[in-house]
Amino acid sequence: TVSRALNNHSRISVGTREKVLKAAKKLGYRPVFAARALRTGRTDMIGLILPDIRSPFYAEYLKSVERECLKRKCQLMVMEYSMDHSRQNDCLEKMLQHRCDGVIAYFENPVQCKDMLDEFWDQEIPCINGMAGPEAVAKRDGVVVKLGAAIAKAVDYLVHLGHRQIVCVGSLDSLHIEKFLSGFPHDEKDSKVELLASYDRLIGF
């Protein structure tokens, strides 16, 4: 009865639930999630790994994931690797240590953490890469975005507006740059369009 009241189970009367919650509050009782995880095999914790939470894009991404976790009464553990790809493995290791039920990651260079991602797969822990490329096949769950085609459309739009000199802002060792260049026009008819530079990380934008 107490467990049902504390977990808002449907098979308990409103009056009984209120009595149990009142007594728990008086005694200062709080659920120990670690103990419950040992019993159920679940932590109800979702991990989120992002490259840079200061970016408006990733900040919005974080808010969206947090909103969905709240709907499902899940806890959210957030880690940032600050565009340092060598820290991607560290973030994944922390997620394993905290027994996250699943992880959403935004890896710009998933190749560097292949072994760790394989470990998630072997332990049957969902780890979804929010920016997987076409190369993400076996032992990978992810959202594949055709950035090359999307960037080609963006460039076409800028050209249509009369722009001829275009700058790409991003991490120079990111897969984003390769995909940007794959969508950049190289035909003779587009020879007037010039890629000025690919600047490494813009601070505070």
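Rings of Phe, Tyr and Trp (its six-membered ring) are taken as a pair if their centres lie within 6.5 Å, with planes under 30 degrees apart counted as stacked, over 60 as edge-to-face and the rest as tilted. The model is predicted, and local features need pLDDT of at least 70, side-chain atom pairs count only at pLDDT 80 or more, while totals for chains, interfaces and linings use all residues. Residues are numbered from 1 along each chain as its sequence is written, and side-chain values use heavy atoms, with hydrogens and water left out.

**View 1. Ring pairs link F57, Y58, Y61 and Y106 into a cluster.** The search of the whole structure finds 6 aromatic pairs. One of them joins F57 and Y58 edge-to-face, at 5.1 Å centre to centre and with 75° between the planes. F57 is partly exposed at a relative accessible area of 46%, whereas Y58 is buried at 7% (buried means under 20% relative accessible area, exposed over 50% and partly exposed in between, with a 1.4 Å probe and protein chains only). Y61 and Y106 also form an edge-to-face pair, with 5.1 Å centre to centre and 85° between the planes. Because Y61 lies in helix 4 (residues 56-71) and Y106 in the loop between strand 3 (102-105) and helix 6 (114-122), this pair ties together parts that are 45 residues apart in sequence. Helices (H or I, at least four residues) and strands (E, at least two) are DSSP runs, numbered from the N terminus. Y106 is buried, its relative accessible area being 9%.

**View 2. L50 is a buried residue, with a relative accessible area of 0%.** L50 belongs to strand 1 (residues 45-50). Leaving aside residues up to four places away in sequence, L50 touches Y58, Y61, L62, M79, E80, Y81, S82 and Y106, where contact means heavy atoms within 4.5 Å. The C-alpha atoms of L50 and G130 are separated by 9.5 Å, although these residues are 80 residues apart along the chain.

**View 3. Helix 6 has buried residues M116, L117, D118 and F120.** Just after helix 6, E124 takes a positive phi of about 60°.

**View 4. The structure holds 0 disulfides.** C74 is in no disulfide, and the nearest cysteine sulfur, that of C69, is 5.6 Å away; a disulfide is here a pair of cysteine sulfur atoms within 2.5 Å. For C100, the closest cysteine sulfur is that of C127 at 9.9 Å, which is too far for a bond. C100 is buried, with a relative accessible area of 5%.
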